[in-house]
Amino acid sequence: MKMPRLRIGRKPALILGSAALLVIAAVGGGAFLLLSGGEELQYKTQAALRKALPVTAAAELHEHGVRLAAPLRCADLPGWTKTKMRVSCTGMTSDEKPVEVIGSGEQETRRNYYTILVDGRPVVENASCLGADCRKQEG
């Protein structure tokens, strides 16, 4: 007994092929996110981290009821590299207590860590985000 041949026109074949490619891309992307943990560095360069840290740290301090006397001043910490970013910011509260902020980002783990000390006491310890950046991650 001879089986009849299945004939598909050109248009349906293109549609099926395109759909198959979309499914493969979606599954591949999902697998990548699953394996990579889905995390992405908020700031991908040392300069971007240094520029953003005084603003995000000030916003975080504001949320904790701490007012700054002036904007934080930030600088690169010794030993930073393109894959291990390190920034430190300093300043004073409006009631003259010292503020120190330490921010880091690592390309390999795709993780950020932030610590804020006010008068030597931690206000934030090893947080993965600060200020508005936390709301972006939640949404």
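Is N126 buried or exposed? With a relative accessible area of 56%, N126 is exposed, where exposed means over 50% relative accessible area, buried under 20% and partly exposed in between (1.4 Å probe, protein chains only). Everything here comes from a predicted model, in which local features need pLDDT of at least 70 and side-chain atom pairs count only at pLDDT 80 or more, while totals for chains, interfaces and linings use all residues. Residues are numbered from 1 along each chain as its sequence is written, and side-chain values use heavy atoms, with hydrogens and water left out.

Back to N126, then. This residue is found in strand β5 (residues 121-127); strands are DSSP runs of E with at least two residues, helices are runs of H or I with at least four residues, and both are numbered from the N terminus. As for location, E96 is found in the loop between β2 and β3 (98-106). E96 counts as exposed, at 64% relative accessibility.

On to the cysteines. A search of the whole structure turns up 2 disulfides, a disulfide being a pair of cysteine sulfur atoms within 2.5 Å. Counting bonded cysteines along the chain, the disulfides follow the pattern 1-2, 3-4.

One of them joins C74 to C89, with an S to S distance of 1.8 Å. This pair ties together distant parts of the chain: C74 is in strand β1 (residues 73-76) and C89 in strand β2 (residues 84-92), 15 residues apart. The torsion about the S-S bond of C74 and C89 is about 100°, so this disulfide is right-handed. As for solvent, C74 is partly exposed because its relative accessible area is 22%. C89, for its part, has 0% relative accessibility and therefore counts as buried.

The other disulfide is formed by C129 and C134, whose sulfur atoms are 2.1 Å apart. Which hand does the disulfide of C129 and C134 have? The torsion about the S-S bond comes out at about 110°, so the disulfide of C129 and C134 is right-handed. Both of these cysteines are tucked away from solvent in the sense used above: C129 is buried, and so is C134.
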